[in-house]
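Visitor: Could you walk me through this structure and tell me how its terms are decided?
Guide: Gladly; let us look at it together.

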Amino acid sequence: MPEPILVAIAWPYANAEIHVGNLTGSHLPGDIFARYNRLRGRDVAMVSGSDSHGTPVTIKADAEGKTALEVAKRYHEGFLDLLQQVGITYDLFTTTHTENHFSVSQRIFLALHKNNFLYTEKQMQWYSPSLKRFLPDRYVEGTCYICGYDKARSDQCDKCGTLLDPAKLIEPRCKIDGSTPELRETEHFFLDLGRLQGQVEEYLKTKESFWRQNVLRQSLGQMQADALHGRAITRDLDWGIPVPVEGWQGKCLYVWFEAVIGYLSAAIEYTKLSGDVEGWRKWWQNPDARASYFIGKDNIPFHAIIWPAELLGVGTDFDPKGVLTLPYNVPANEFMNLEGEKISGGRNWAVWGRDFLSRYDPDPLRYYLTVNMPETRDSDWDWEDFFHKNNDELLATWGNLSNRVLPMIFRQWDGIVPEPGELTPLDQELISEVEKGFETVATEFEAVNLRAALSEGMRIAGLANKYLDTTAPWKTVKTDKQAAARAVYTALRAIDSLKILLAPVLPFTSEKLNRFLGYSEPIFGRQFTEVIKDDLGEHRVLRYDASTARGAWQPSDLKPGTRLNPPEPLFKKLDISIVQEERAKLGKSSS
Ligand SMILES: [Zn+2]
């Protein structure tokens, strides 16, 4: 049985477009990992969706004079467009505003309630006397009492990552009208994290040997330094999932509590859409399943502490057939900055995914975001660096490799892979080096070291270039056509293998190359969208049809006599002028 792999990717808030920092933080690493595992023949479910609820969306809606649903839908449609253009192959990308997600979230809430991991408490909540309403945490900002950051949200500081106690916030102000809010009493449900601390700690200790240091520091480390406290999971807000308890009308489940449940509800929706209502258990009630969560560092406490606590607290009370699978790995990324400054959508200091793709191809984007992935420390998008990486690495090393060989096969051998005769030790050495790549690159992918995986693939592409420099078939073809045939055949085998080694990162050009190399069936499947109707209305989802995919994680077996298809260059050479043009757009209004 192939090992089931759940690829769980952070749910983007449906209140802003996706920029390159979001892509490299979660969607792209998740997609690379999913594509690699699919090539290994494993049973992958890659799920996420738009986080449609909560104050990030209502704040945007208030600002635009629209309903929260209208705003959420508009951004969701934009996500679906971008995710297809950049090839993020979700098995299901849905939204939290579905009947299925409402019901799964409410069942999780009730299971925790039944197991006594919820309690109610009256608390003081920010209230705006001028607006005559309670103000959810994101409507209030102030100075962080831990690090002094002056734009901390009242529940979380984005600078130091601490979950904050709203009442301790220094100099609070209302984000709607700037007035000073006051604290008033209201009653809420709390998740009793203190009672789950022991179980969560025990679970996290099993991860010490292989989780990223930043993730361990912000989960196990933080818990050991400061014990977990109960945390409110309901709030005074009318946009979201109703609290499923009599007498609690007008209050909703807190978005951080229900959005993480989306990993479960989306798997349930996914297998139901595929006609297998029990299928979700393969990932969610199976001790052999491995669930990896691709998120940014700001989300670590939610995925490495709170979500495991929710799952542990539920036990078998979500579904009597078994407990729910805990995260296997949480390879959280740090942040990507832009030209040395923090990316800021508000002041348009950002490279937006869809805008970028209106001028450039997706694989150069995927390449640059992978070589620059903020795996262990913050990284920086720099347009001059992008220009050089495109021209001097991607095009010079990988694009050029096929350019040196494929057109020549059309000139000299009518587009048919020539018979090599007996291979020399030099030829065999290259083939064996490339074949070893199926282990060395795999080791890095397995450990979610995606930068290292790509760099190992590119090192091997470099070996193939060196081999061509040495054998120079374009010269020997004039004097010893058999030697030239041997060299181009050997290089083609290398290219055919490299196409697979690099495919998780560069799927679009690998597919192109696959066609040039005479294959009639694609490496990967096909993305498509579909409209689903339920009692909450309609929602469009993004899906992935794997039925036509034929790619496999194994070395080339390209046969002499294979007819190739006419090649084209894989990558465009960029002009240095783009650096200035792109930099000039930063920080300016986009409209
Ligand atoms: Zn802080």
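**The zinc site and beyond**

Guide: Along the sequence, the zinc ion's donor residues follow the spacing C-x2-C-x9-C-x2-C. This is a predicted model, where local features need pLDDT of at least 70, side-chain atom pairs count only at pLDDT 80 or more, and totals for chains, interfaces and linings use all residues. Residues are numbered from 1 along each chain as its sequence is written, and side-chain values use heavy atoms, with hydrogens and water left out.

Visitor: Which atoms coordinate the zinc ion?
Guide: The SG atoms of Cys144, Cys147, Cys157 and Cys160 do, at 2.3 Å; donors are N, O and S atoms within 2.8 Å of the metal (3.2 Å for Na, K and Ca).

Visitor: Why is the site of the zinc ion called tetrahedral?
Guide: Four donors count as tetrahedral if all angles lie between 85 and 135 degrees. The angles among the four donor atoms here are 106 to 115 degrees, and the site is tetrahedral.

Visitor: What makes Cys144 buried?
Guide: Buried means under 20% relative accessible area, exposed over 50%, partly exposed in between (1.4 Å probe, protein chains only). Cys144 has 2%, so it is buried. Cys147 has 36% relative accessibility, so it counts as partly exposed.

Key
Four donors count as tetrahedral if all angles lie between 85 and 135 degrees; four count as square planar and six as octahedral if opposite donors are over 155 degrees apart and all others between 65 and 115; anything else is irregular.
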